[in-house]
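Student: Could you take me through one annotated part of this model in detail, keeping what comes from the record apart from what is computed from the atoms?

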Amino acid sequence: MTVVIGFEGSANKIGIGIIRDGEVLSNPRRTYITPPGQGFLPSDTARHHRAVILTVLKEALEQAGLKPADIDCVAYTKGPGMGAPLVTVALVARTVSQLWGKPLLGVNHCIGHIEMGRLITKANNPTVLYVSGGNTQVIAYSERRYRIFGETIDIAVGNCLDRFARVIKISNDPSPGYNIEQMAKKGSQYVELPYTVKGMDVSFSGILSYIEETLFSMLVEITERAMAHCGSQEVLIVGGVGCNLRLQEMMGVMCKERGAKLFATDERFCIDNGAMIAQAGWEMFRSGQVTELKDSWITQRYRTDEVEVTWRD
Amino acid sequence: MAAAGEANGGTGKLEFSLDVPFPSSREATIALRSLSPDKEPRKGGISKLITVSGSTLSVRWSADEARILRVSVNSFLDHLSLVLETMEMFGPPVAV
């Protein structure tokens, strides 16, 4: 039996989750929500996380009904993400790891999303579309690496949607993307916008006044191309933008045409959370990885394919 | 008052030192290991050295400009206070 606690705070969500052999025992989370028209800045976000992190940590332990002695490993987000919030969370993780005498594990945030998606959906070896405010990548596993087949050449699709929401001052509660989706459901006029796919990659910064249809079609196209390239019959969508039902619907149509299966998780797990870091940490820990304190520095840039995936064949 | 350039061994740099007492050497070392891994954000012109001696954590900064020094010291104090609060809430450290 292996119990891992995971700490996540690379953007505006702070979450701490506990996993025991594939069971999510607790996964509390808080979101830093800014007024309409404003994005979130690193120092303010770090301040938000700082104010609540110890409370959330207590909640995670209480809701799981566990004491620190029951934990086997402390996992935290090494990167990528915003520097100041990443440091805030890493400080607490490093400190409790030493106080409790448990090994530490620095986890790649993107791999956290992938491993949580695999755990919850039980997809076998899917082509992964990772879409969030900070990241847009099409990923396939091959020989101990999560290979990045395609990605945004400028901004993430979620960033594009968030900036659009800011311009028209949509509320950020619970998230700008959610509110865009609700409004889009009532829309009927499709406006033709620049559609920018370059082979496996996409570009979003040219088109800041948008509608979901165009952005999502671009993502479906590059996912399909990666699937064809890998001969894959499964798609897994992870990341906050993955909550979007219209994206899931469009991806579902493409999958049906190819006879492929579509997998997605709900908002508990596609939005940044602590348990996903714990899950990736669980895989890494069980395959013998550990992070020495002196190597536990956080990093704003951390590519998904930099990690050796020692837990898969 | 020493003329500019004569103080601090003639380096012309601003220096700041901070000493933090801990209940034990073990706890001072825990704080050291939590606070030292992250690199200073890219802006050059500042360096800091964190050490433990007995049960005291010591930090020494050396900077070219007051503004850069203030930001680094401020950040460090915020981080230190979070580490202290964590140790208060979840300590004392388990027996080795």
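**A close look at the annotated sites**

Tutor: In this predicted model, A:Tyr130 belongs to strand β7 of chain A, which covers residues 127–131. With a relative accessibility of 0%, A:Tyr130 counts as buried, because buried means under 20%. Leaving out residues up to four places away in sequence, A:Tyr130 touches A:His109, A:Cys110, A:His113, A:Asn135, A:Thr136, A:Gln137, A:Ile139, A:Val238 and A:Gly239, and the side chain of A:Tyr130 also makes a polar contact with that of A:Asn135 at 3.1 Å.

According to an unreviewed UniProt entry, the annotation "binding site" covers A:His109, A:His113, A:Tyr130 and A:Asp272. Although these positions are spread over 164 residues of sequence, they cluster in space, with a largest C-alpha distance of 11.9 Å. A:His109 lies in helix α3, residues 109–121, and is buried at 3% relative accessibility. Beyond its neighbours within four places in sequence, A:His109 is in contact with residues including A:Tyr130, A:Asp272 and A:Glu8, and the side chains of A:His109 and A:Glu8 make a polar contact at 2.9 Å.

A:Gly177 is partly exposed, with a relative accessible area of 23%, whereas A:Glu181 is buried at 8%. Setting aside residues up to four places away in sequence, A:Glu181 touches A:Glu212, A:Cys243, A:Asn244, A:Leu245 and A:Arg246.

Terms used:
Residues are numbered from 1 along each chain as its sequence is written. Chains are lettered from A and ligands numbered from 1 in the order in which they are written. This is a predicted model: local features need pLDDT of at least 70, side-chain atom pairs count only at pLDDT 80 or more; totals for chains, interfaces and linings use all residues. Side-chain values use heavy atoms; hydrogens and water are left out. Buried means under 20% relative accessible area, exposed over 50%, partly exposed in between (1.4 Å probe, protein chains only). Contact means heavy atoms within 4.5 Å. UniProt positions are given in the numbering used here, feature names are shortened, and annotations may be inferred rather than shown by experiment. Helices (H or I, at least four residues) and strands (E, at least two) are DSSP runs, numbered from the N terminus. A polar contact is a pair of N or O atoms within 3.5 Å; within protein, one must be able to donate a hydrogen and the other to accept it, and residues adjacent in sequence count only if both atoms are side-chain atoms.
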